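Hi everyone, thanks for coming along. I'd like to walk you through one model this morning, so let me put it on the screen.

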Amino acid sequence: MAAESKSDQPDDQQNVSEDHRLYWRKNLQLIAILLFIWAFVSFGLGLAFADSLHGILAPLPGTPLGFWFAQQGSIFTFVILIWVYAWRMNKLDDEYFTNGDE
Amino acid sequence: MEIQQWTAILVGASFLLYIVIALKSRANSTGEFYVAGGHVPPLANGMATAADWMSAASFISMAGLISFSGFDGSVYLMGWTGGYVLLALLLAPYLRKFGKFTVPDFIGERYYSQTARVVAVVCAIFVSFTYVAGQMRGVGLVFSRFLEVDITSGVMIGMAIVFMYAVLGGMKGITYTQVAQYCVLIFAFMVPAIFISIHVADWAIPQIGFGMDSPGQGTSLLQRLNGLHEELGFSSYTRGGGNTLNLIAITFALMAGTAGLPHVIIRFYTVPRVRDARTSAGWALLFIAILYTTAPAVAVFARTNLIDTVYTEGQFQSHESMPEWFKTWEGTGLIRHEDHNGDGLVQYVGAAAVDGEGQPIRNELTIDRDIMVLANPEIAGLPNWVIGLVAAGGLAAALSTAAGLLLVVSTSFSHDLLRKWLKPDLSDRQELMAARIAAGVAVCFAGYLGINPPGFVGEVVAFAFGLAAASFFPAIFMGIFTKRMNREGAIAGMVVGLVFTAGYIVYFRFLHPELDSAENWWWGISPKGIGSVGMCFNFMVAGIVRSLTADPPAEVVEMVEQIRIPEKP
């Protein structure tokens, strides 16, 4: 893409790489947020704080909360995280790389 | 009908399905053989990835493992699913954009180095073979228990099936058989799980059932199980016993290892676009999560059923009163009862058990944890066809994973070693032929390992994850996210990560197994979790070496720029 614009429109190349930088920064921000949640539910709620959460029976009447996060909740959260990432990034792709090229 | 007839019918029908698919999807070019031409729809790739990933270990062993380890088993559940988050966010979309055929391809080109490529090839082959041996053993186990053929013929039949679709169809054949295998294995896992959940907890959804009240007991199922554990001197089911840092290290090593396993990564080369790589990761984890969130429920049901069988209303039961399944599995040697005190009762107790006078009680029952899923339908008294179904599901899980791994081995030879290194003038047809021959040889070698399993298969699988975590994952991650990472840094990092991790595991598992306990481990981290530390060393060494050596060439930096953005629509 960059090579193509280099040959005919030198001004455009500046914009494209500026766009790329912005796109990449947004991608990194999104990754940072999602990975924070990823670590919090698994290493945090599921392991490090599991013992302190043992007395809380949630979300089901018989499951200690830490145990539930370690064996159920973290996995559900992982699935949601990937779908949120796919949905946000596919939208971001459209914003930066479909409309911009028209 | 008898169990054996049902098993023969269901296993036979599923094999027939795989063969039909194999014949319909022959590969005609290396592109089709390696990545199914890059035309796999994301939903289908999600199913294929799920089957590729969920091995005999996930299907047969995991629920049993959790059943016997309770809370501490969570590391496997989180480790083997959380890796997909890393894969989907940090690796898969960019590797799809890079768009070659193998993991060593990426390492070799990103680090402009034949050495890096060869290191990656050796790791990929080692990791895949260790893994495949376990699959073939699973095939043998299912055959010998349910069809009463000996393990050798069982493995031969399995090999013949894999040979058909892996050698003829390559990735194209594997992909569509894996889609079918996913359907077979998830159905086979869920049907008994739902039956047992209704039976034990009065709920059709196992994920809900295991957290609800135990019918007629006035307490929840998990509390009741914890109570039984306390009475019998086992540690609490829902509470961790181990060192938290060690559990975190193990979980992280399994996660990074999962994300770095070549047979999983190459599945993401098969979808048409970058965005499809993201959504197919979402589908894959969703399909995996169905099994992975059911397994802990099955573990609780199985554990409760097992204890209730030998210990009813506060009394150990006599060996004569044990049900049919108990005796069948005793016949295979996988359940063993040694009546130490000669009272005819089956005393199943944990380390902390004491009798009325405070004297310790000796445990008399040994159960191989691998049988829990296979025996579960019998324990719960389910109809015979369900047992046959479980056998077919276990085989689907083992064969689908074996095929994916064998493909990695074959492409590593034909593409990375021959075409890219030793004989660059190979034509596409010759390369395809080389790939088929390599796949054929790999199938036979895997079969040999299945018939004569090295005694250390279990140990070596932990090895595979540790090595993938300490080598592939950091190398690929830095290749995408740090433009300035160079050849010297990446190779130094991989070598240090590999040598440290392998050295630690070999020292504690093979050279000095007597020292393999928490007080001797560094920072209290077990060999299973040491891949996390190896990964940190990899990152540190790579960073230091990079800062002392030359920047990567401009065309490599440009390549990284290109990987980071999606393709033109």
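I'll talk about confidence, then the contact between the chains, then one residue.

First, please keep in mind that this is a predicted model. Chain A has a mean pLDDT of 81, with 80% of its residues at 70 or more. Within that chain, helix 3 of chain A, residues 65-98, has the highest confidence, at a mean of 91. Helix 1 of chain A, residues 2-8, has the lowest, at 41. Across residues 1-12 of chain A the pLDDT stays under 50, and for that stretch the model has nine contacts beyond four places in sequence.

Now to where the chains meet. Chain A puts 41 residues into the contact, and chain B puts in 42. On the chain B side, the helices that each supply at least two residues are helix 5 (74-98), helix 9 (206-209), helix 10 (221-231), helix 11 (244-260) and helix 13 (274-310). Helix 13 of chain B gives the largest share, 11 residues. Sorted by class, that side of chain B has 22 nonpolar, 14 polar and six charged residues.

Finally, let's zoom in on A:A70, which sits in helix 3 of chain A. Is A:A70 buried or exposed? A:A70 is buried, because 30 other C-beta atoms lie within 10 Å, and 20 or more is the cut-off for buried. Beyond its neighbours within four places in sequence, A:A70 contacts A:G46, A:L47 and A:A50, along with B:F71, B:S74 and B:M78 from chain B.

Note on methods: Residues numbered from 1 in each chain as written. Chains lettered and ligands numbered in written order. Predicted model: local features only at pLDDT ≥ 70, side-chain atom pairs only at ≥ 80, totals over all residues. pLDDT = per-residue confidence, 0-100. Helix = DSSP H or I, 4+ residues; strand = E, 2+ residues; numbered from the N terminus. Contact = placed C-beta atoms within 7 Å. Nonpolar A, V, L, I, M, F, W, Y, C, P; charged D, E, K, R; others polar. Buried ≥ 20, exposed ≤ 12 C-beta atoms within 10 Å, placed from the backbone.
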